[in-house]
Amino acid sequence: MKKIAVIIACFICWNFPAANAGIVSSIPMYGTAKYADGFKNFDYVNPRAPQGGKLVLPEYGGFDNFNPFIFKGIAAGEVAALTLESLGISPADDSSTVYPLLAEKFEVSDDGSFIGFILNPQAKFSDGSAVTADDVIFSFNALIEKGAPLYKVYYGDVERVEKVNDRHVRFYIKKGVKNRELPLILSQIRIYSAKDWKDKDFSVPNLTPPLGSGPYLLEKFSPGKYLVFKKNPGYWGKNLPARRGFFNFDEVRYDFYQDTTVTLQALFAGSIDAREEYIAKIWVSGYDNDLVKNGTVIKEELPHNQPAVLQYFGFNTRLPKFADARVRKAIGLAFNFDWANEKLFYNQYRRIFSYFTNTGMEATGLPKGKELAVLNRYRRFLKPEVFSKAPELPSHKTQQETRKNLRRAVKLLQEAGYDFVNGKMTNLKTGEPLEIEVLSNSANGSSFTRVMLPFIENLKKIGVKMTFRNLEVNVFKNRLDNFDFEMAILAYQMSEMPGTEQKEFWGSAAADIRGSYNVMGIKNPAVDGIVAELIKAEEKEDFEAHVRALDRVLLSEHYIIPQWYSPHKRVAYNKKLAHPQTSVKAGFDPFTWWMKEAQ
């Protein structure tokens, strides 16, 4: 770690504690940072991109709130993303390293007892007031005290936060805690103005635009209908290396829709400028028109190196019917991905086979080496097959395979205490037939109906009744927040460097917190233990072994029925837009794009 010379002038300026500390320009979790001190811009942007023009994008659902960090309300997350800055940033091509944003430098103690952020003296809110340590402390405390309950878990390793001076804030870590990811997750906190919130309650949903320090200002809006952002002419950070090449449009507008399919016609009509396509059939057959043929609308597949979005059918394990992993596994055996991929998806998708698909840290084969050593510490909590069988998903490439899978499903259900009674798969103790309701939301529910029909039919063959309900986005969210569901179609964007957030997704402490990401109610001591060790891992090899071990344990319990992913982002956009030509697989980030000619 880089050292500093402690001289009198520096001591007066930074007020260092007894523990030695280094002042650095980046913090990599492991190894070294990709970008050296003094870098000019990230490699996947165009630092000379033309400025100006208006970008119109679709969004789905609605909103009644501008604060995405509280439990109540449906937030327009774009407001925080475009008007609030964070202390640091992790770029698409070096996601395990944090680089300066509001913080000009980072302070790391040699003994791991604290992490400091030294604010950029140029950092300003849009009213011209300076971003100070008081604002950082307010924002952190607001999350812990009045934010969604999950933040207490996410930042649980922080003992306290203290102001060193107006531009220097320090987070002290609980004694004995090792968490290499903590500098990164603390750097991601969006910073509010403490003065702006003086007479407002952070925990109450509101539609008052917050005072921010970001590149845009919210100019106007209509709840649930649209948001219009104007570029902040006084944006202090436009020449930062981490911001050069980003936010090239003078105006950004989001129009809200209830169904993704409607936005295709909006694109053709010129009402929006770009959309990401989520439905394979439409991507293959829905763009066969003159606008695409003459180049007015461009279709492009943008490769990405991001972890596959973990899209799945999730079980509510709080319910007695889903408490037994054999029941969950049996239901999963009836899902025919192979048929759906061929008949509905034009073979454009790949099956998600891991919680960390497309990261290189998937559990495959039999456990060995360091992964095996991790699993051995939790052997008493694990099924024998964790050690003796490689993770696998059922194949349905032929009708014979489908019948074999359904026979396996019946056997598992019988082992779990079910059997046929009057043609219905029935719990022999309670006399209740096995019936399942699957929830989705209106933004994607119409496309899932086609997928669900053969799934429902396969289960019917083994006496299980499944129904599919498509809910409004707000209703769907409220049902999930209150654990009022049996099965649901869910999707999480997984991190390239899984860490503290895994406690929120799968940890026992989050299982009973309303609004947490542990929607399925997982309580597993092996998962808790492996996640705790993962966060403390000092070397990259140890870290990866823990991720594989976690993946293997989660897969063995059949909490989810994995769905599918694409290695590309399918994007259709108006020809007036341009984007960087780069070898970095950055996917679709419209804020690195620009207008060919200012409109």
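Trainee: Which residues line the second largest cavity, and what makes them lining residues?
Mentor: F66, N67, Y192, W197, N206, T208 and P210 line the second largest cavity. Each counts because a lining residue has an atom within 4 Å of a cavity point, a cavity being a set of points on a 1 Å grid over the protein atoms alone where a 1.4 Å probe fits but cannot get out. This is a predicted model, in which local features need pLDDT of at least 70 and side-chain atom pairs count only at pLDDT 80 or more, while totals for chains, interfaces and linings use all residues. Residues are numbered from 1 along each chain as its sequence is written, and side-chain values use heavy atoms, with hydrogens and water left out.

Trainee: How much space lies in the second largest cavity?
Mentor: About 30 Å³, where a volume is the space filled by probe spheres set on the points, joined across faces, edges and corners. The structure holds two cavities of 30 Å³ or more.

Trainee: How is the lining of the second largest cavity divided by class?
Mentor: Four of its residues are nonpolar, three are polar and none is charged. Ala, Val, Leu, Ile, Met, Phe, Trp, Tyr, Cys and Pro count as nonpolar, Asp, Glu, Lys and Arg as charged, and the others, Gly among them, as polar.

Trainee: On to the helices: why are α17 and α18 called roughly antiparallel?
Mentor: Helix α17 (residues 525–536) and helix α18 (residues 540–557) pack at about 165°, their axes 9 Å apart. That makes α17 roughly antiparallel to α18, because the term covers angles over 145 degrees. Their contact (heavy atoms within 4.5 Å) involves A526, V527, I530, V531, E533 and L534 of α17 with F543, H546, V547, A549, L550, V553 and L554 of α18. By class, this contact has eleven nonpolar, one polar and one charged residues.

Trainee: And what is the arrangement of α11 and α18?
Mentor: Helix α11 (residues 369–376) packs against α18 at about 55°, with the axes 8 Å apart. So α11 is oblique to α18: angles under 35 degrees would be roughly parallel and 65 to 115 roughly perpendicular, and the rest are oblique. On the α11 side, K370, E371, V374 and L375 make the contact. That contact divides into five nonpolar, one polar and six charged residues.

Trainee: What can you say of α9 and α13?
Mentor: The axes of helix α9 (residues 325–333) and helix α13 (residues 399–415) come within 8 Å and cross at roughly 165°. The two are therefore roughly antiparallel to each other. R326, V327, K329, A330 and L333 of α9 meet N405, R408, A409, L412, L413 and E415 of α13.

Conventions. On a 1 Å grid over the protein atoms alone, a cavity is a set of points where a 1.4 Å probe fits but cannot get out, and a pocket is an open set with protein on both sides within 12 Å along at least five of seven lines; lining residues have an atom within 4 Å of a point. Axes are lines fitted to C-alpha atoms, for helices over the stretch in contact, and angles run from 0 to 180 degrees between N-to-C directions. Helices (H or I, at least four residues) and strands (E, at least two) are DSSP runs, numbered from the N terminus.
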